[in-house]
Amino acid sequence: MGELILCKQSIAATPFFLEDAALNVYSLEELSYYISKNTYLLNANFISTELCNWIGRELGQKELQTQLLDAIRSKAPLHIFVGLILTYDGYLTNQEIKQVIQTVASFENKSPEECQKMRADRLMENNKIVDAIYEYEHMLDEDEAKKLPREFQGDLWHNLGVAYARLFFFDEASKCFEQAYMRNHKMISMRLMLASLRCNKDEEGFQNLVDKYFIPKDAVDNIKEEVSALSRQNSIREFDMHLDEIMSTTDGTDAFDAEAKETLDQWKMEYNRLCKI
């Protein structure tokens, strides 16, 4: 899982396979860790007699097994089922348990489409950008998406555009924002549609969309100024200066000095983290 998890209770000889995450867990602590870190991925499929029986058989936690099976028989909601597991093993603090339960409960009062969008939004909030892109595109590719309210479709396209922009795919982002604007007619989608092309230095594409959607000159000037202002931020200017410094360290060959290589490797690592699936 990428972190060391202290397990004070039994370790299973045979793990339980979590299909949605393609992950094996061997203990209640690992299960609690998974729940806390992937709350936005949980759905009704997480409630299963197979999981209950694994907890009783492999971990020897018969009391918890009984509680969970009773919850299934009484058709308890997902947040109750999850709460029983988290409370029983004590891996999380009471405050952490409360937060997870509240998050899970928030999904239960939404439509399946709203829940799926919320999960995609949470993926992006947690910097799992590629996973979020797959989730948004999957929703938009489904035949059911055509039955969704146009504003909701537009919001999906908008968030997809944000995800692409975070990976610096500004051309793709602009196309997504245009699809969003065509459906939700929100000014923020229109502004980001143009801002993405401005960031991509696509002046022809920028002007084509200005003409296509009859965008007033004052709004166009404002968007241009916003993008220019962002480029003047200290963090951006320092990045540009650092990049110029790195490029000046070349020795006439393709090699960079150790410091330059270390900096580039760090930037690459940060970008790859955003692309991680």
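Analyst: A nonpolar core is a set of buried Ala, Val, Leu, Ile, Met, Phe, Trp, Tyr and Cys residues joined through side-chain atoms within 4.5 Å. Buried means under 20% relative accessible area, exposed over 50%, and partly exposed in between (1.4 Å probe, protein chains only). This is a predicted model, where local features need pLDDT of at least 70 and side-chain atom pairs count only at pLDDT 80 or more, while totals for chains, interfaces and linings use all residues. Residues are numbered from 1 along each chain as its sequence is written, and side-chain values use heavy atoms, with hydrogens and water left out.

User: Okay, which residues touch the most other members of the largest nonpolar core?

Analyst: L194 and I215, in a core of 39 residues. The elements giving two or more residues to this core are α6 (112-125), α7 (129-141), α8 (150-166), α9 (170-184), α10 (187-199), α11 (203-212) and α12 (217-231). With 7 residues, α7 gives the most. Helices here are DSSP runs (H or I, at least four residues), as are strands (E, at least two), numbered from the N terminus.

User: What is I215 in contact with?

Analyst: Contact means heavy atoms within 4.5 Å. Leave aside the neighbours within four places in sequence, and I215 meets M190, M193, L194, L209, V210 and V220. There's also a second, separate core of 27 residues, and V25, Y34, I97 and V100 are among its members.

User: How many helices and strands does the protein have?

Analyst: You can find 14 helices and 2 strands. Of the protein's 277 residues, 39% count as buried.

User: Is helix α1 mostly covered or mostly uncovered?

Analyst: Mostly covered: α1 (residues 28-37) has 8 of its 10 residues buried. Those are L28, E29, E30, L31, S32, Y33, Y34 and I35. They pack against β1 (16-18), β2 (23-25), α2 (49-57), α3, α4 and α5 (94-108).

User: At what angle do α3 and α4 pack?

Analyst: Two packed helices are described by the angle between their axes and the distance between the axes. Axes are lines fitted to C-alpha atoms, for helices over the stretch in contact, and angles run from 0 to 180 degrees between N-to-C directions. For α3 (residues 62-73) and α4 (residues 78-89), the angle is about 165° and the axes are 10 Å apart. The two are therefore roughly antiparallel (over 145 degrees; under 35 is roughly parallel, 65 to 115 roughly perpendicular and the rest oblique). On the α3 side, E63, L64, Q67, L68, A71 and I72 meet F81, L84, I85 and Y88 of α4.

User: How do α8 and α9 cross?

Analyst: Their axes come within 7 Å and cross at roughly 165°, so α8 is roughly antiparallel to α9.

User: Where does E172 sit, and is E172 buried or partly exposed?

Analyst: E172 is in helix α9, and is partly exposed because its relative accessible area is 36%.

User: How many disulfides does a search of the whole structure find?

Analyst: A disulfide is a covalent bond between the sulfur atoms of two cysteines, and the search uses a cut-off of 2.5 Å between those sulfurs. It finds 0 disulfides here. As for individual cysteines, C52 is buried at 0% relative accessible area, whereas C199 is partly exposed at 36%.
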